[in-house]
Amino acid sequence: MTEAMQSPAQATFWLIQGRVLFWIVNLLGTACFAYIVAKRMMPLGRGQRDIRFDRPWLRLGKLLQFWFGQWRHPRYLAAGIIHIFLFAGFIVLAVHTVALLAMGTSDRPLETGGLYGAISDYAATVVFLCMIVAIVRRLLKPARYAVPARYGKAHTADAIFLLALIALLMVADSVFEASYAASLGQHHLQVEHLAVMSLAWMLQGALAAAPVTVLAKLYLGAYLVHELTFFFLLCYRPFGIQFHVETSLFTVFFAKLDRGTVKPVRWGVADGQLDQVKSFGVKTFEDFTWKHMLDFYSCADCGRCSDQCPANAVGRPLSPRFFTTKARDYAFQHYPMWGKANNGHSLIGGIYSEDEIWSCTTCGACEAECPLLIEYIDKIVDLRRGMVDDGKVPQSLQKPLKALESRGNPFGKMEKKKADWAKAKDFQQTCNVRILHGGHDADTLYFVDSITSYDDRMQAIGRATARILDGTGENFGILGAAEKDSGHDVRRFGEETLFMALREHNTEAIKASGVQRIVTSDPHAYNALKHDYKDMPPVEHISEVMARKVRAGDLKLEAVADANDVYAYHDPCYLGRHNGVYDAPREVLDAIPGLKRVEMRRSRDRSFCCGGGGLALFYEPTEDQRMGVKRVQMAADAGANVIVTACPFCMVNMEDAIKVAGMEGKMTAIDLAELVEKQMR
Amino acid sequence: MEILVCARRVPDTSENEIEMNGAGNDIERDDLVYSVNEPDNYALEEALEIVERTGGTVTVVTVGGEDDEEILRREMAMGAKQGVLLSDDAFEGSDGRGIAAILAAFIKKGHYDLILTGVQAEDGAAQVGGMLAAMLDYPFASLVNAIEVQRGTLKISREIEGGCREINEIDLPCVLSIQTGINEPRYVGMKGIRQVASVPIPKFDGPSLGVNGDTTGAGAAKVKRVDYFLPPLGKGAEMLEGSTEAIVDSLIELLQAKGGLN
């Protein structure tokens, strides 16, 4: 420190020595922050158990990719890039800020030169500029970010206030450095070189001719402003969306690792012990797990989830963004900073409506988009478990659930007719599908599942699949009457006990059949067998089998009949997003000579749900439009006149949507297996 | 209020394909699945909602055999405090009057303020409720689609022709037959059924109820089923053709002609 300038620690502020003042501010600020965080963590302590400390290396990898690497941010290019700059700026400034805070209580001068000094000068400048852009963006925000009245009020003013405070922090930091550098210059001492074109550098230029006394005041004033702003921000952030600055690291580290799965009813309680669990699912806020509560705190309210959510897009009463913010507001309100927690209220009928929770198709678009890996499906399923436990199930879903219980399928069809699809006259003569009776007489099991077995239209998908397996030399069979519904959507609609009964039955039947592997044409069954069932033989979707056969040259395909047709492949949620099977179906399509294929704007992990499968077919939502109608319009917009799906539920929804949208004759839907069967040589 | 709900186990029409047996005098019962007669679920839901509002307990009773315990357990899982099975080989083949006599004998053994039945059994004739009331000398109202509890009486709404409603006051104790749509019955999950799986269900036979062969059993039945028919297949659907507007116009015309639209 030069004699030219008094350091903040040596200076006197309103008769208090700087060193003492900053000790007090530092201690008080830190204590306040600690108190606030402890209060915020209180509900987490009362939340349910959640096992999130397993596989630490994998978690560290996720942290590097999604938190440190900001992996998902550029999916929204402009906002993403701004956030990456901002995040990098904060990371760079972390060390600088600690040094700056320490300076107030010691005589150690701040090291502003060198490489790190230059980088942090630029970092402060970048953060400052980002704040300006962010403030402008909040004033001129896209219409889709508006907050509908039913979900509360927008917090624009609060957001701008916080952004402005960060900008102020950057300015104070720069003024502090600039006034110091300027005063050195005036004393003809060795001038520190501030990074060219940085905010501090510009201010240094502006202050070069300022009187020394002014510089000294600026220097100390900037320090004080920085100090106070820093601690104010630190303590204010836990009251709003900016809390993610602190919590995101943990949310990402503890993120869910196994996609396609559903959380157990209670972590740490084995399936066999579930009878002892009195209440299932989430009924009050404290029934959420601590990680799910942490998610609520970490949401940055960016709205990307709701932007992708098909339920939100068609006007159903669900928006993942507000699903989270409502829970956060609840936590803030019921766990106040002063006074006792006021908890134990029912969430359904409180912050959530029944329709809101049934509106989700569990497509996973929100989870695929969230930059912080916040979970939605497990929370929705847990809330449904709570509603099922309380008997709050829409009448339209009670019938299929009851039928699943007594007949093993949602349609209430007779078990003995399960294999009737394979008995169609012209089909049976050319392709005999064996029913496996436990004689270890086939290598492969074709798991058909309910809709393909019983629905007149979907039976064609079953027959096409069987023909493909037969035509490529697979030694396969089906379970027939012994196969019950996979229960995939029974579980996702919250009826865990019924799901477990179905799973137990099918597991025994599959094991008794002695097969080496399982093939299915239904992505819901595929996901269930792969993730919900245990100790199963390897499971493949028919599209993966076909891709393998095409590659091996065992499946040869003829050119399309009409070369003018344009095909668009629709990614079924439970094949694509939940299982990452995006390429196999496309590979098969591209193996058909002369087939013209286009991609819809929303494809692969941004695929737009058709309306939902399983029990979602029976649910009667309040909505402005069908998801399927939006989807077929997307296909038309892409220039396609044929939608190829690989899921019987997508087929139901697409064919209905084509009719509803009045696009009959202009658009057709076909299952990948049906198309391949048609083109098989 | 102590409420008794009379329930019945019937073949579930939505989960069975009803076929005639070889003799043509009954339906094929080999591969049937059964459930609670649907209107009875509405009766139980209404009873549960009344008890939630005003206190008391709900008991469910059925006349039948061991297989019928299944529906009692389902109703207990739904919220009924107790299930009671009235079972005796001598009850078999009872007509509606016989069933009413068995229920009446049971009801006289206890103290119930309100007795609810479903509006009718899906395989029945909507007769037990009225007969039961007569045997007990209680007032009776049928097709009830709303209940409001008052001091010593009930204010009830009954559905009459054309969707109109009629409001009545009825003295307690009474028997009501409950119309579907009065409420939304809650869901009964498999977990709930498992939790009541081992709750003992009291059984009463003929002698313990004091009923004899004069009114119950096939011998006493004065109404006997002599034949059974499946509905004949219609001519099939009439497909309307033309532009959307023309189709809508002719559909409205048809609906008006058949009384479906005013």
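Trp14(A) sits in the loop between β1 (12-13) and β2 (16-17) of chain A. Helices (H or I, at least four residues) and strands (E, at least two) are DSSP runs, numbered from the N terminus. Trp14(A) is not a glycine, yet has a positive phi of about 45°. The model is predicted: local features need pLDDT of at least 70, side-chain atom pairs count only at pLDDT 80 or more, and totals for chains, interfaces and linings use all residues. Residues are numbered from 1 along each chain as its sequence is written, while chains are lettered from A and ligands numbered from 1 in the order in which they are written.

**Backbone details**

- Trp14(A) is exposed, with 5 other C-beta atoms within 10 Å.
- Gln70(A) belongs to the loop between α2 (56-68) and α3 (77-103) of chain A.
- Gln70(A) is partly exposed, with 18 other C-beta atoms within 10 Å.
- In chain B, the peptide bond from Leu172(B) to Pro173(B) is cis, with omega near -5°.
- Pro173(B) lies in the loop between β9 (164-171) and β10 (174-178) of chain B.

**Chain A as a whole**

- Chain A has 27 helices and 11 strands.
- Its C-alpha atoms fill a box of roughly 100 × 60 × 45 Å, taken along the principal axes.
- Of the 681 residues in chain A, 47% are buried.
- Contacts in chain A between residues at least 6 apart in sequence join residues at least 24 apart in 79% of cases.
- A contact here needs the C-beta atoms of two residues, placed from the backbone, to lie within 7 Å.

**Domains of chain A**

- Chain A is divided into domain 1 (12-241), domain 2 (271-389), domain 3 (406-551) and domain 4 (555-679).
- These bounds come from an automatic or database domain assignment.
- The C-alpha centres of domain 2 and domain 4 of chain A lie 31 Å apart.
- Across this pair, 15 residues of domain 2 of chain A are in contact with 19 residues of domain 4 of chain A.
- On the domain 2 side, α11 (310-313), α13 (354-358) and α14 (365-369) of chain A each supply at least two residues.
- That side divides into 8 nonpolar, 5 polar and 2 charged residues.
- Ala, Val, Leu, Ile, Met, Phe, Trp, Tyr, Cys and Pro count as nonpolar, Asp, Glu, Lys and Arg as charged, and the others, Gly among them, as polar.

**A parallel sheet and its helices**

- In chain A, 4 strands form an open sheet in the order β9-β8-β10-β11, with parallel pairing.
- β9 (596-598) and β11 (668-671) of chain A stand at the edges with a single partner strand each, so one side of each has no neighbour in the sheet.
- Neighbouring strands of this sheet are turned by 35° against each other on average, direction ignored.
- β10 (residues 642-645) of chain A pairs with β11(A) in the parallel sense over 4 bridges.
- Strands count as paired if DSSP finds at least two bridges between them.
- Thr645(A) stands opposite Asp671(A) in β11(A).
- Helix α26 (residues 648-660) of chain A lies across β10 and β11 of chain A, running at about 170° to β11(A).
- Axes are lines fitted to C-alpha atoms, for helices over the stretch in contact, and angles run from 0 to 180 degrees between N-to-C directions.
- In helix α25 (residues 627-637) of chain A, the buried residues include Met627(A), Val629(A) and Val632(A).
- The buried residues of α25(A) pack against α11, β8 (566-569), β10 and α26 of chain A.
- Gly639(A) follows α25(A) and has a positive phi, near 90°.

**Nonpolar cores**

- The largest nonpolar core has 197 residues, and among the members touching the most others are Ile643(A) and Val5(B).
- Such a core is a set of buried Ala, Val, Leu, Ile, Met, Phe, Trp, Tyr and Cys residues joined through C-beta atoms within 7 Å.
- Helix α3 (residues 96-109) of chain B gives the most to this core, with 9 residues.

**Where the chains meet**

- 14 residues of chain B are in contact with 22 residues of chain A.
- Helix α5 (residues 190-195) of chain B gives the largest share of the chain B side, 3 residues.
- The chain B side divides into 4 nonpolar, 3 polar and 7 charged residues.

Methods:
A residue is buried if 20 or more other C-beta atoms lie within 10 Å of its own, exposed if 12 or fewer, and partly exposed in between; C-beta atoms are placed from the backbone.
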